[in-house]
Amino acid sequence: MTPERLRIDIDRLVRRLMELGRIGAIEGTTGCARLALTDDDKAGRDLVWTWMDELGLDITTDGIGNVVATMPGFDPAMAPVMTGSHIDTVATGGKYDGNLGVLAGLEVIETVLTSGRELQRPLAVGWFTDEEGARFPPDMLGSLVYVGGMPLEQALEITDDDDVSLGDELDRIGYRGAAPTPGRVPHAFVELHIEQGPVLEDEDITIGVVEGVQGISWTELTLTGQSCHAGTTPMRLRHDPGYVAADVTTFVRQLTADLGGAQVATVGAVTLTPNLVNVVPSTARMTVDLRNTDDEVLQLAETRFRGHVAKVAEQEGVGVETRTLARFEPVDFDARLIELVETGARERGFSFKRMPSGAGHDAQMFARICPTAMIFTKSVDGISHNVNEYTEPIDLEAGANVLLDTLLALTEMEFA
Ligand SMILES: [Zn+2]
């Protein structure tokens with residue numbers, strides 16, 4: 001006899017999303033700002049911790065502040081089926097990015113516990129520190145440390161723009177825990193996330209079955225020239241880093257057209273010093289974000305970009321300092337889990353399509369250590385990292401129910 005199909009409680013899930021979203025709320029908007037390890041991040045952590053605790057889950061915190069809550073009553077040696085995401089946001093964040101994955105995981109666990117359904121393996125839900133990397137680069141830092149991709153000591157020394165270290169901030173908000181890193185290897189990992197892009201809405205599809213994640217390359221350039229008077233200095237005598245920054249910006253746009261396919265490129269931050277109307281700047285600091293699903297093409301993009309920077313900087317007589325802020329290869333998710341997600345969507349009667357993720361996610365770190373997949377739900381107007389980020393409750397419910405089905409199926413699946 002097949003057991004009755006469980007359903008998550010969408011009202012409870014939305015209530016929690018709204019309550020968490022009130023912490024760090026940006027006045028006059030529906031968005032919120034909870035940069036990693038700030039007071040608001042701590043308040044968000046404390047709230048979700050309380051919910052986990054109310055369900056009687058076993059909660060652990062590791063040395064970088066990742067928090068994992070596991071169903072009690074199982075052999076401690078048994079690896080859990082894990083889900084989760086992050087609850088830090090960017091400065092102009094919404095209520096759904098990351099938060100959905102954590103709170104939907106909690107909702108799935110509450111649904112199972114309330115039903116009295118007996119599982120062969122425990123479920124666990126986690127949130128991972130500094131996924132956004134908006135305060136402490138690189139992004140996905142907590143999950144990177146969890147899977148052993150960076151030593152804890154190195155991560156703790158990373159500083160923000162005010163030279164405050166991640167380790168000090170963890171201590172300050174009381175989230176430097178004792179659980180070891182690398183953390184325990186889950187049986188499998190599945191993350192539910194908003195798409196953060198326009199594809200599902202554009203094609204009127206409910207569930208995105210995520211096949212993998214684009215490779216990411218973040219570079220910071222510090223261009224140093226010669227500050228001088230904008231009126232008295234002839235053009236031929238200038239060493240203008242602002243000009244080089246602009247040239248590099250148009251170059252990477254052209255590069256995407258030349259390489260075609262999935263290549264994208266973004267100059268998201270440019271800071272000129274002294275940033276005055278009548279002064280040729282002395283320095284320009286800029287970031288370049290390159291992404292592709294194909295690592296060979298991504299490497300080609302990086303090579304051409306670096307070559308161009310060197311050439312134009314030399315022509316202008318401007319010095320270049322290059323710092324890699326993040327570099328992640330493209331990730332392919334597990335074919336067996338991708339099929340499980342698809343089956344869940346099909347059996348619930350939702351339209352679905354396979355797609356890559358354009359953004360980085362904690363799940364791509366877990367793909368290094370266990371079978372992993374992701375589920376996407378629609379983002380209205382494709383908007384994310386923006387206060388107007390929104391997903392309809394009906395889509396949140398669809399995503400969370402597919403997450404439920406997938407996690408339950410994984411408790412019964414053994415991998416060779
Ligand atoms: Zn996210």
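Are Arg16 and Glu110 buried or exposed? Arg16 is buried, and Glu110 is buried as well. Here, buried means under 20% relative accessible area, exposed means over 50%, and partly exposed lies in between (1.4 Å probe, protein chains only).

## Before we start

This is a predicted model, in which local features need pLDDT of at least 70 and side-chain atom pairs count only at pLDDT 80 or more, while totals for chains, interfaces and linings use all residues. Residues are numbered from 1 along each chain as its sequence is written, and side-chain values use heavy atoms, with hydrogens and water left out.

## Salt bridges

Let's stay with Glu110 for a moment. The side chains of Arg16 and Glu110 meet in a salt bridge, with 2.8 Å from N to O. A salt bridge is a side-chain nitrogen of Lys or Arg within 4 Å of a carboxyl oxygen of Asp or Glu. Arg16 lies in helix 1 and Glu110 in helix 3, so this pair ties together parts that are 94 residues apart in sequence. Helices (H or I, at least four residues) and strands (E, at least two) are DSSP runs, numbered from the N terminus. Glu110 also meets the side chain of Arg12 in a salt bridge, at 3.1 Å from N to O. Arg12 is in helix 1 and Glu110 in helix 3, so here the parts tied together are 98 residues apart in sequence. Arg12 is buried too, like Glu110.

By this rule, the count of salt bridges comes to 27. One of them joins Arg5 and Glu347, whose closest N and O atoms are 2.7 Å apart. Arg5 lies in the segment before helix 1 (10-21) and Glu347 in helix 10 (residues 335-347), so the pair links parts that are 342 residues apart in sequence. Arg5 is partly exposed, with a relative accessible area of 40%, and Glu347 counts as exposed at 51%. Elsewhere, a network of salt bridges links Asp39, Arg135, Asp160, Glu169 and Arg172.

His86 and Asp97 are both buried.

His193 is found in strand 5 (residues 188-194), and it counts as buried at 0% relative accessibility. Its side chain makes a polar contact of 3.5 Å with the side chain of His361. A polar contact is a pair of N or O atoms within 3.5 Å; within protein, one must be able to donate a hydrogen and the other to accept it, and residues adjacent in sequence count only if both atoms are side-chain atoms. Not counting residues up to four places away in sequence, His193 touches residues including Ser85, His86, Asp97, Met374 and Phe376. Contact means heavy atoms within 4.5 Å.

## Nonpolar cores

How many residues does the largest nonpolar core have? The number is 97, and those with the most contacts inside it are Leu13, Val48, Met52, Val112 and Leu123. A nonpolar core is a set of buried Ala, Val, Leu, Ile, Met, Phe, Trp, Tyr and Cys residues joined through side-chain atoms within 4.5 Å. Helix 12 (residues 393-411) gives the largest share of this core, 9 residues.

Leaving aside neighbours within four places in sequence, Leu123 is in contact with several residues, among them Ala69, Met71, Val112 and Leu407. A second, separate core of 18 residues includes Leu255, Leu259, Leu298 and Val318.

## Aromatic pairs

The structure holds 7 aromatic pairs. Rings of Phe, Tyr and Trp (its six-membered ring) pair if their centres lie within 6.5 Å; planes under 30 degrees apart count as stacked, over 60 as edge-to-face and the rest as tilted. Tyr146 and Phe366 form a tilted pair, with 5.1 Å centre to centre and 45 degrees between the planes.

Tyr146 lies in helix 4 (residues 141-146) and Phe366 in helix 11 (residues 362-366), so this pair ties together parts that are 220 residues apart in sequence. Tyr146 is buried, with a relative accessible area of 4%, and Phe366 is buried at 0%. Ring pairs also link Phe128, Tyr146, Phe189 and Phe366 into a cluster.
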